[in-house]
Amino acid sequence: PDPGTLASVLTEGVKNTISDSRVKVTYEPEYVPAVPPAMPDIPPEQLAGMIKATVKVEVLDGNIAYLKIQHIIGEEMAQKVGPLLLEYIWDKVLPTSAMILDFRSAVSGELSGIPYIVSYYTDSEPLIHIDSVYDRPSDITTELWSMPTLLGKRYGTSKPLMILTSKNTLGVAEDVAYCLKNLKRATIVGENTAGGTVKIDKIKVGDTDFYVSVPVAKSINPITGKSWEIDGVAPHVEVPAEDALETAVAIIQ
(Lines give C-alpha, C1' and ligand atoms only; values in the text may rest on other atoms or scores of the structure.)
Protein backbone atom coordinates (compact mmCIF):
# COMPACT_ATOMS: atom_id res chain seq x y z
CA PRO A 1 0.00 0.00 0.00
CA ASP A 2 2.91 2.43 0.51
CA PRO A 3 4.83 2.88 -2.78
CA GLY A 4 7.68 4.80 -1.10
CA THR A 5 8.37 1.94 1.31
CA LEU A 6 8.22 -0.58 -1.55
CA ALA A 7 10.79 1.49 -3.50
CA SER A 8 13.22 1.54 -0.55
CA VAL A 9 12.78 -2.23 0.05
CA LEU A 10 13.48 -2.91 -3.65
CA THR A 11 16.54 -0.62 -3.53
CA GLU A 12 17.94 -2.53 -0.52
CA GLY A 13 17.31 -5.82 -2.32
CA VAL A 14 19.11 -4.65 -5.45
CA LYS A 15 22.07 -3.30 -3.43
CA ASN A 16 22.43 -6.60 -1.53
CA THR A 17 22.21 -8.60 -4.77
CA ILE A 18 24.63 -6.70 -7.01
CA SER A 19 26.66 -4.69 -4.45
CA ASP A 20 26.21 -1.44 -6.38
CA SER A 21 24.92 1.46 -4.29
CA ARG A 22 24.34 3.58 -7.43
CA VAL A 23 21.31 1.54 -8.55
CA LYS A 24 18.16 2.89 -6.92
CA VAL A 25 14.41 2.29 -7.21
CA THR A 26 12.28 5.37 -6.53
CA TYR A 27 8.59 6.24 -6.54
CA GLU A 28 8.13 9.67 -8.16
CA PRO A 29 4.60 10.49 -9.37
CA GLU A 30 5.68 14.09 -10.11
CA TYR A 31 8.90 13.21 -11.98
CA VAL A 32 9.60 15.15 -15.19
CA PRO A 33 12.64 13.97 -17.19
CA ALA A 34 15.36 16.61 -17.23
CA VAL A 35 16.15 17.93 -20.69
CA PRO A 36 19.84 18.89 -21.07
CA PRO A 37 19.86 22.70 -21.23
CA ALA A 38 20.89 24.15 -24.58
CA MET A 39 23.72 26.67 -24.41
CA PRO A 40 21.73 29.77 -23.47
CA ASP A 41 21.92 32.84 -25.67
CA ILE A 42 22.85 35.08 -22.79
CA PRO A 43 25.83 37.42 -22.70
CA PRO A 44 29.17 35.89 -21.65
CA GLU A 45 29.30 38.38 -18.74
CA GLN A 46 26.09 36.86 -17.35
CA LEU A 47 27.38 33.31 -17.88
CA ALA A 48 30.58 34.25 -16.08
CA GLY A 49 28.45 35.56 -13.22
CA MET A 50 26.79 32.15 -12.96
CA ILE A 51 30.18 30.44 -12.88
CA LYS A 52 31.49 32.85 -10.25
CA ALA A 53 28.64 31.68 -8.03
CA THR A 54 30.00 28.10 -8.14
CA VAL A 55 33.73 28.90 -7.85
CA LYS A 56 35.49 30.53 -4.92
CA VAL A 57 38.97 31.96 -5.50
CA GLU A 58 41.47 33.06 -2.87
CA VAL A 59 45.22 33.43 -2.43
CA LEU A 60 46.05 32.17 1.06
CA ASP A 61 49.05 33.04 3.23
CA GLY A 62 52.26 31.54 1.88
CA ASN A 63 51.26 32.32 -1.73
CA ILE A 64 48.92 29.29 -1.94
CA ALA A 65 46.05 29.42 -4.45
CA TYR A 66 42.70 28.10 -3.21
CA LEU A 67 39.96 27.21 -5.71
CA LYS A 68 36.65 25.82 -4.42
CA ILE A 69 34.72 24.24 -7.30
CA GLN A 70 31.15 22.90 -7.04
CA HIS A 71 30.44 22.24 -10.73
CA ILE A 72 32.95 21.35 -13.45
CA ILE A 73 31.95 23.17 -16.62
CA GLY A 74 32.19 21.56 -20.05
CA GLU A 75 34.22 22.49 -23.11
CA GLU A 76 31.43 24.47 -24.81
CA MET A 77 30.85 26.69 -21.78
CA ALA A 78 34.61 27.11 -21.23
CA GLN A 79 35.07 28.30 -24.84
CA LYS A 80 32.25 30.83 -24.48
CA VAL A 81 33.39 32.42 -21.21
CA GLY A 82 37.10 31.56 -21.41
CA PRO A 83 38.55 35.10 -21.46
CA LEU A 84 36.41 36.08 -18.45
CA LEU A 85 37.46 32.92 -16.58
CA LEU A 86 41.09 33.81 -17.22
CA GLU A 87 40.58 37.30 -15.84
CA TYR A 88 38.45 36.31 -12.84
CA ILE A 89 40.16 33.07 -11.80
CA TRP A 90 43.25 31.96 -13.64
CA ASP A 91 45.30 35.18 -13.79
CA LYS A 92 44.88 35.51 -10.00
CA VAL A 93 46.20 32.03 -9.21
CA LEU A 94 48.84 31.56 -11.92
CA PRO A 95 51.69 33.36 -10.04
CA THR A 96 51.18 31.32 -6.83
CA SER A 97 53.69 28.74 -5.64
CA ALA A 98 51.16 25.96 -4.79
CA MET A 99 47.48 25.26 -5.41
CA ILE A 100 44.59 23.64 -3.54
CA LEU A 101 41.53 22.46 -5.53
CA ASP A 102 38.59 22.01 -3.16
CA PHE A 103 36.24 19.32 -4.53
CA ARG A 104 34.59 18.57 -1.16
CA SER A 105 31.21 19.82 -2.39
CA ALA A 106 31.68 19.13 -6.13
CA VAL A 107 28.70 16.97 -7.10
CA SER A 108 28.10 17.76 -10.78
CA GLY A 109 30.00 18.40 -13.97
CA GLU A 110 30.43 17.79 -17.68
CA LEU A 111 32.56 14.97 -19.07
CA SER A 112 34.21 17.33 -21.58
CA GLY A 113 35.54 19.40 -18.65
CA ILE A 114 37.88 16.61 -17.49
CA PRO A 115 40.64 17.07 -20.14
CA TYR A 116 40.36 20.85 -19.66
CA ILE A 117 41.19 20.76 -15.96
CA VAL A 118 43.79 17.98 -16.12
CA SER A 119 45.65 19.68 -18.99
CA TYR A 120 46.36 22.81 -16.92
CA TYR A 121 48.53 20.67 -14.62
CA THR A 122 50.36 18.67 -17.29
CA ASP A 123 52.81 19.50 -20.09
CA SER A 124 51.61 20.36 -23.60
CA GLU A 125 53.75 17.53 -25.01
CA PRO A 126 53.57 14.58 -25.11
CA LEU A 127 49.79 14.25 -25.06
CA ILE A 128 48.55 11.95 -22.30
CA HIS A 129 45.68 9.47 -22.52
CA ILE A 130 43.91 10.34 -19.27
CA ASP A 131 40.64 8.37 -19.38
CA SER A 132 38.38 6.13 -21.47
CA VAL A 133 34.61 6.29 -21.02
CA TYR A 134 32.40 3.48 -22.35
CA ASP A 135 28.80 4.55 -23.02
CA ARG A 136 26.51 1.50 -23.00
CA PRO A 137 23.42 2.91 -24.84
CA SER A 138 25.52 3.98 -27.85
CA ASP A 139 28.15 1.20 -27.44
CA ILE A 140 30.86 3.82 -27.98
CA THR A 141 34.11 4.26 -26.06
CA THR A 142 35.43 7.84 -25.93
CA GLU A 143 39.11 8.41 -25.16
CA LEU A 144 39.92 11.59 -23.23
CA TRP A 145 43.36 13.05 -23.93
CA SER A 146 45.24 16.03 -22.53
CA MET A 147 45.00 19.13 -24.71
CA PRO A 148 47.96 20.56 -26.67
CA THR A 149 46.67 24.16 -26.48
CA LEU A 150 44.70 25.91 -23.76
CA LEU A 151 43.30 29.33 -23.00
CA GLY A 152 45.96 31.02 -20.91
CA LYS A 153 49.12 29.49 -19.47
CA ARG A 154 49.43 26.11 -17.76
CA TYR A 155 50.05 25.89 -14.05
CA GLY A 156 52.76 23.38 -14.91
CA THR A 157 53.98 20.11 -13.46
CA SER A 158 56.39 21.18 -10.71
CA LYS A 159 54.33 23.26 -8.25
CA PRO A 160 52.50 21.35 -5.46
CA LEU A 161 48.86 20.54 -6.19
CA MET A 162 46.44 19.35 -3.49
CA ILE A 163 42.89 18.12 -4.08
CA LEU A 164 40.45 18.16 -1.15
CA THR A 165 37.77 15.45 -1.12
CA SER A 166 34.82 14.40 1.00
CA LYS A 167 32.42 11.46 1.05
CA ASN A 168 30.09 13.71 -1.00
CA THR A 169 32.55 14.36 -3.86
CA LEU A 170 30.69 12.83 -6.79
CA GLY A 171 30.97 11.93 -10.48
CA VAL A 172 33.10 14.09 -12.79
CA ALA A 173 35.07 15.61 -9.86
CA GLU A 174 35.97 12.06 -8.77
CA ASP A 175 37.25 11.38 -12.28
CA VAL A 176 39.46 14.51 -12.26
CA ALA A 177 40.87 13.58 -8.83
CA TYR A 178 41.53 9.97 -9.92
CA CYS A 179 43.26 11.08 -13.16
CA LEU A 180 45.56 13.57 -11.40
CA LYS A 181 46.26 11.09 -8.59
CA ASN A 182 47.37 8.36 -10.99
CA LEU A 183 49.40 10.77 -13.11
CA LYS A 184 51.20 11.39 -9.78
CA ARG A 185 50.44 15.10 -10.25
CA ALA A 186 48.24 15.71 -7.17
CA THR A 187 48.07 14.76 -3.51
CA ILE A 188 44.52 13.87 -2.43
CA VAL A 189 43.63 15.04 1.11
CA GLY A 190 40.36 14.29 2.92
CA GLU A 191 37.84 11.45 2.75
CA ASN A 192 37.19 8.57 0.37
CA THR A 193 34.87 9.94 -2.35
CA ALA A 194 31.29 8.79 -3.04
CA GLY A 195 32.02 6.26 -5.79
CA GLY A 196 29.44 7.58 -8.25
CA THR A 197 29.45 7.40 -12.03
CA VAL A 198 29.96 9.68 -15.03
CA LYS A 199 26.40 9.08 -16.31
CA ILE A 200 23.12 7.82 -14.79
CA ASP A 201 19.86 7.15 -16.62
CA LYS A 202 16.46 7.05 -14.92
CA ILE A 203 14.30 4.35 -16.49
CA LYS A 204 10.51 4.28 -16.05
CA VAL A 205 9.14 0.89 -14.94
CA GLY A 206 6.25 0.02 -17.27
CA ASP A 207 3.18 2.20 -16.87
CA THR A 208 3.91 3.08 -13.23
CA ASP A 209 5.43 5.95 -11.27
CA PHE A 210 8.39 3.78 -10.28
CA TYR A 211 11.83 4.51 -11.75
CA VAL A 212 15.15 2.68 -11.69
CA SER A 213 18.33 4.80 -11.71
CA VAL A 214 21.11 2.87 -13.47
CA PRO A 215 24.71 3.84 -14.40
CA VAL A 216 24.96 3.65 -18.21
CA ALA A 217 28.60 4.62 -18.71
CA LYS A 218 31.88 3.44 -17.23
CA SER A 219 35.19 5.24 -16.76
CA ILE A 220 38.34 3.11 -17.15
CA ASN A 221 41.67 4.71 -16.25
CA PRO A 222 44.42 3.78 -18.75
CA ILE A 223 47.11 3.79 -16.03
CA THR A 224 45.39 1.54 -13.49
CA GLY A 225 43.06 -0.33 -15.87
CA LYS A 226 40.42 0.21 -13.17
CA SER A 227 37.61 2.59 -12.33
CA TRP A 228 36.97 4.89 -9.36
CA GLU A 229 33.28 4.06 -9.59
CA ILE A 230 31.52 2.25 -6.69
CA ASP A 231 34.66 2.27 -4.46
CA GLY A 232 35.46 5.98 -4.86
CA VAL A 233 38.86 7.69 -4.85
CA ALA A 234 41.01 6.94 -1.81
CA PRO A 235 42.95 9.92 -0.44
CA HIS A 236 46.73 9.86 0.08
CA VAL A 237 46.16 11.60 3.42
CA GLU A 238 42.93 10.58 5.12
CA VAL A 239 41.43 13.20 7.43
CA PRO A 240 37.83 14.33 8.15
CA ALA A 241 36.62 16.61 5.32
CA GLU A 242 36.39 19.63 7.66
CA ASP A 243 40.14 19.30 8.46
CA ALA A 244 41.30 18.79 4.86
CA LEU A 245 42.14 22.43 4.03
CA GLU A 246 44.22 22.95 7.17
CA THR A 247 46.01 19.66 6.56
CA ALA A 248 46.76 20.49 2.92
CA VAL A 249 48.20 23.90 3.85
CA ALA A 250 50.39 22.23 6.49
CA ILE A 251 51.68 19.68 3.94
CA ILE A 252 52.55 22.43 1.45
CA GLN A 253 54.33 24.51 4.09
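This is a predicted model: local features need pLDDT of at least 70, side-chain atom pairs count only at pLDDT 80 or more; totals for chains, interfaces and linings use all residues.

Residues are numbered from 1 along each chain as its sequence is written, and side-chain values use heavy atoms, with hydrogens and water left out.

Helix H1 covers residues 3-18; helices (H or I, at least four residues) and strands (E, at least two) are DSSP runs numbered from the N terminus. Its 16 residues reach 22 Å from first to last C-alpha, close to the 22 Å expected (1.5 Å times one less than the number of residues). At the N-terminal end, Asp2 caps H1 through a side-chain oxygen 3.2 Å from the backbone nitrogen of Gly4. After H1 comes Ser19, with a positive phi near 50°.

A search of the whole structure finds one cavity of 30 Å³ or more. On a 1 Å grid over the protein atoms alone, a cavity is a set of points where a 1.4 Å probe fits but cannot get out, while a pocket is an open set with protein on both sides within 12 Å along at least five of seven lines; lining residues have an atom within 4 Å of a point. The largest cavity holds about 430 Å³, and H3 gives the most to its lining, with six residues. Ile73, Leu85, Ile89, Ile117 and Tyr120 lie nearest its centre.

The second largest pocket holds about 230 Å³. Closest to its centre are Arg22, Arg136, Ala217, Lys218 and Glu229, among 14 lining residues.

Technical notes. A polar contact is a pair of N or O atoms within 3.5 Å; within protein, one must be able to donate a hydrogen and the other to accept it, and residues adjacent in sequence count only if both atoms are side-chain atoms. Grid points are joined across faces, edges and corners, and a volume is the space filled by probe spheres set on the points.
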